[in-house]
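Please keep the sequence and the three-dimensional view side by side while reading.

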Amino acid sequence: MGDTKTAKKFGIAGCYALFFATAFWLLFYHLDSHLLWGDEAETAVLAKNVTQFGVPKTFDGTNYILLHGPGDETKDHVWIWSPWLQIYFAASSFFLFGPTTWAARAPFALMGWCCLVALALVAYKIYRRHLVALASVVLLGASEIFLLHARQCRYYSISVFGEILLVYGIHQLFAQNRRGIWFAALALILQFYSNYIIAAANIPALFFLAWTFRKRGRQAVLDVAAILGILLAAILPWLIYAHPFGQANVVGGEDYFSKAWRYLLEFHFHFLPLCFLLLPLFGLISAHKDRPATGADASQPWEQFVLVLLSSYFVIIVIAPGFYLRYLLPLLPIVCLLAAAWVFRYIKWHALAILVVAIQSMSNVFSILTAFPFRGTHTLRFPVMEYAQGIATPYTDRFADILDFFKMQAHPGERVLTFDPEFPLIFYTPLGIIDGRMMAPPAGQLPDWILPSPASGVAAQAAVALPEFLKPHYEAITLSTHDSKLADNFPEPDFYQYKSAQTHAPFIIYELKPGEKRSQQ
């Protein structure tokens, strides 16, 4: 008997070890195969400045790092457009390993791996079943959209980790453990200093929680108030310093119904099929109402709270400006946990439940079958297999070709006039980048290079024609570059490219003629 229990424990430990080792490989293998794109390079360049100045300066002596203009910085040229957590996260890696592509992404990939560990611990703490814990992390760890975002030099994995802490903290409050206050508060602080929108999207659910706790007495409501109080105390210095309220003026003017529908479709096809959220209905219809619940008593009201959280969070994201799947990413571990718990609760046969989890983790079969009339351009795929094959394949693109050209032909300190922030060029080269959208070259000096089209842009832009009066001063150079798709490093499955383009396209760069360069020296 004792040998059987020991073997079972070793088997469970082996499953966890195998999964976490595989997940580590999926997150870290060829982490630097794709060069940093614009958003990543923004974080990385500011992180480099932290290693030099101690704070994220927007001017390093050569380049200005601005997205929208003076509103991105203080009078002392310190970045305030977005909070600093991700910047210092990357800077800590640069201190250890130097400013490289791998070092920029490594701490975020490690946080992604920690998300999986945290989800396994939380799942087991709530449901006390290793099957549920393993299934939840397999669903998350095999998610292509999670893996792509976790391998980015951006806040994405931090926000996911925060969401796991938040729902665990709330569960602790349902279990009348006041330590949940600190877990929930820490989670919201991490999210606020990662992205304001994600933190704000969680707040409405806390008011519902306070309303739910009113029957428990005044102390339970005060526990929720304590979460908000700790959060306010932690973020108040930043609110005073960075005054981010002005960013709210970008909200409005969108078709929210069509936007919500698009979000639901993308969630269904790239996060988790919505049919998994109907499993409780299946349980009511089936003849297995007497099946035991997978968890302690606190899990039932907690699940009800999570459903409210999912709904209110979604509404806030729909109202928020733009359409970005990264805003929905923090919900992924939560729906994976619910799906795992419900699969093993409402499906009678464990072998069938395991098969369902395996099919979902390996393919998009359920997404295709349950939304067939609305599948659009989505086809049958095996995302995690495509992902694994993709990260094992060397990759290059248009920007890599242009970067190689500048490394060979340009000299440190030379100026490049472009009409895009070109943060990747700033990160990878010692050149001075002049963003023609908001600044001009120094008076009386012509830039050494002009890019009529962005080298690293992610959105289509018409090429800027070289003015006639400048043409005598410049020589046009035509590069043969990989005809890669725009936004080929954007971490969404519909954009991210695993294979290098097999065709080439011309890219024009204007170089100041040698005689003009000598006259400016």
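Is helix α7 mostly covered or mostly uncovered, and how many of its residues are buried? The model is a predicted one, in which local features need pLDDT of at least 70 and side-chain atom pairs count only at pLDDT 80 or more, while totals for chains, interfaces and linings use all residues. Residues are numbered from 1 along each chain as its sequence is written, and side-chain values use heavy atoms, with hydrogens and water left out.

Helix α7 is mostly covered, since 19 of its 19 residues are buried. Here, buried means under 20% relative accessible area, exposed means over 50%, and partly exposed lies in between (1.4 Å probe, protein chains only). Helices (H or I, at least four residues) and strands (E, at least two) are DSSP runs, numbered from the N terminus. The helix covers residues 156-174, and at 1.5 Å a residue its 19 residues should span 27 Å; the expected span is 1.5 Å times one less than the number of residues. The end C-alpha atoms of α7 are 28 Å apart, which agrees. After α7 comes Gln176, with a positive phi near 60°.

Together with Trp302 and Phe406, Ile170 touches the most other members of the largest nonpolar core, which has 165 residues. Such a core is a set of buried Ala, Val, Leu, Ile, Met, Phe, Trp, Tyr and Cys residues joined through side-chain atoms within 4.5 Å. Helix α4 (residues 101-127) supplies the largest share of this core, 15 residues. Not counting residues up to four places away in sequence, the contacts of Ile170 (heavy atoms within 4.5 Å) include Ala184, Leu206, Trp302 and Phe305. Another core, of 8 residues, lies apart from the largest one and has Ile434, Leu466, Tyr474 and Tyr510 among its members.

The next topic is the sheet. An open sheet with mixed pairing is formed by 5 strands in the order β2-β1-β3-β5-β4; two strands pair if DSSP finds at least two bridges between them. Strands β2 (432-435) and β4 (474-482) are at the edges with a single partner strand each, so one side of each has no neighbour in the sheet. The pairing of β1 (residues 415-418) with β2 is parallel and runs over 4 bridges. Within this region, Thr418 stands opposite Asp435 in β2.

Which loop holds Glu422? Glu422 lies in the loop between β1 and α19 (423-428). Glu422 is buried, with a relative accessible area of 0%, and has a positive phi near 50° although it is a residue other than glycine. The side chain of Glu422 makes polar contacts with the side chains of Thr418, at 3.3 Å, and Ser456, at 2.6 Å. A polar contact is a pair of N or O atoms within 3.5 Å; within protein, one must be able to donate a hydrogen and the other to accept it, and residues adjacent in sequence count only if both atoms are side-chain atoms. Glu422 and Ile433 are 11 residues apart in sequence, and their C-alpha atoms are 7.3 Å apart in space.
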